[in-house]
Amino acid sequence: MNDPLIRPAPEHLEDRPNATAARLLLGGPVVLVTSMWRGRANVMPLAWHMPVSTDPPMIAIAVEQSRHTNEVIRHSQEFVLNFPTRPLLHHVQYLGALHGDRVDKIEAAQLETFAPIKVTAPLLSSCAAWIECSVVEAIPLGDHTLYVGLVNAVQVDPATFDDGWVVGPEETRALHFLGGNRYSFLSRIVEARMPQHADAPERILAEFLAEELEMTRDAREKREERLDVLKREIEDGRALDVTGLELEVSPEHLLDLGRGHVIGEPPRG
Ligand SMILES: Cc1cc2nc3c(=O)[nH]c(=O)nc-3n(C[C@H](O)[C@H](O)[C@H](O)COP(=O)(O)O)c2cc1C
């Protein structure tokens, strides 16, 4: 029964349509793609992007064939990725509802632009970083075209990005798209410990495990501490004795009077 191939999947898992694969991969910074052909610039939000080569630096974007941007990039063979920050949240969503063949979106949204270094498409102000690309390959895949872009120039605002994304003041943070009209931004950075070259992997893993156990013990102790406080509050008459209520909620759950919601182990099965 310990063979991972015959072990049944845990019961709490749910099946989802295959299209969910794309949404599971969301969460990276959303970009506004600017492109330009015959003196007319366009902009569209895009979440499907990825790095594809470090030497030379290349990235890829998936643009649906129905998009006006697809036409523009097909002709101009270049594009720019602009990384919008928190103040552009509503603009990003709105720009995704308009088609550049019918309306000049940059003008309509009164987006300020500045000059590119290597391409012709404009760069958008109020963004945190910019990547200028020329197309080296266009691969039609289903209803999208994957444009592979050679990176020609990169600029960043150091308030948002030093050698990685920074968690600075809210208005400087990049927007991350979660699907629908939901976005997020980074709120905390946690750093993993780097193993030393001489460290034996068995010892390191044993240490990590011990640390995890310590953290679990810590959490348990904190919970017990909170329950002790609650017990004392009841004894001193500053809180209601909720023994009866506890039973009504569920045998494994307790009422947290402090916050008015149920605490305890999540229900199983
Ligand atoms: C947050 C967000 C992310 C999007 N990501 C993509 C994407 O990765 N690829 C794509 O083809 N369309 C994407 N879209 C949809 C296009 O931005 C939208 O259809 C836009 O109106 C196209 O503009 P255009 O016709 O002027 O090129 C996205 C929309 C939003 C709001």
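Helices (H or I, at least four residues) and strands (E, at least two) are DSSP runs, numbered from the N terminus. On that basis, arginine 182 sits in strand E11 (residues 182-184), and the protein comes to 6 helices and 13 strands. This is a predicted model: local features need pLDDT of at least 70, side-chain atom pairs count only at pLDDT 80 or more, and totals for chains, interfaces and linings use all residues. Residues are numbered from 1 along each chain as its sequence is written.

**Overall make-up**

- Of the protein's 269 residues, 21% count as buried; that label takes 20 or more other C-beta atoms within 10 Å of a residue's own, while exposed means 12 or fewer and partly exposed is in between, with C-beta atoms placed from the backbone.
- Take the contacts between residues at least 6 apart in sequence: 59% of them join residues at least 24 apart, a contact being two C-beta atoms, placed from the backbone, within 7 Å.

**The sheet**

- An open sheet of 7 strands runs in the order E2-E1-E5-E8-E9-E4-E3, with antiparallel pairing; strands pair if DSSP finds at least two bridges between them.
- Strand E2 (40-46) and strand E3 (49-53) are the edges, each with a single partner strand, so one side of each has no neighbour in the sheet.
- From one strand to the next, the twist averages 35°; axes here are lines fitted to C-alpha atoms, for helices over the stretch in contact, and angles run from 0 to 180 degrees between N-to-C directions.
- Helix H2 (residues 68-76) packs on this sheet, touching strand E1 (31-37), E2, strand E4 (58-64), E5, E8 and strand E9 (144-156), and its direction makes about 55° with that of E1.

**Around E1**

- E1 is largely enclosed by the rest of the structure, because 6 of its 7 residues are buried.
- On the E2 side, 7 bridges join the antiparallel pair, and valine 33 has methionine 44 as its bridge partner.
- The E1-E2 hairpin has 2 residues between the strands, and arginine 38 takes a positive phi near 50° there.
- On the E5 side there are 3 bridges, again antiparallel, with leucine 32 opposite asparagine 82.
- E5 (residues 78-84) also runs antiparallel to E8 (residues 127-141), through 6 bridges; leucine 81 pairs with isoleucine 131 in E8.

**Ligand shell**

- The ligand has 21 residues around it, and Trp48, Glu64, Thr69, Gly96 and Gly100 come nearest; to be near, a residue needs its C-beta atom, placed from the backbone, within 6 Å.
- E2, E4, H2 and helix H3 (89-95) are the elements giving two or more residues to this shell, and E2 gives the most, with 4.
- The shell splits into 12 nonpolar, 7 polar and 2 charged residues, where Ala, Val, Leu, Ile, Met, Phe, Trp, Tyr, Cys and Pro count as nonpolar, Asp, Glu, Lys and Arg as charged, and the others, Gly among them, as polar.

- Most residues other than glycine have a negative phi, and most peptide bonds are trans.
- The aspartate 55 to proline 56 peptide bond is cis, with omega near 0°, and proline 56 is in the loop between E3 and E4.
- Glutamine 77, in the loop between H2 and E5, has a positive phi of about 60° without being a glycine.
- Serine 126, in the loop between strand E7 (123-124) and E8, also isn't a glycine and has a positive phi of about 60°; it counts as partly exposed, with 16 C-beta neighbours inside 10 Å.
- Arginine 182 is exposed, with 10 other C-beta atoms within 10 Å, and its C-alpha atom is 9.8 Å from that of leucine 89, 93 residues apart along the chain.
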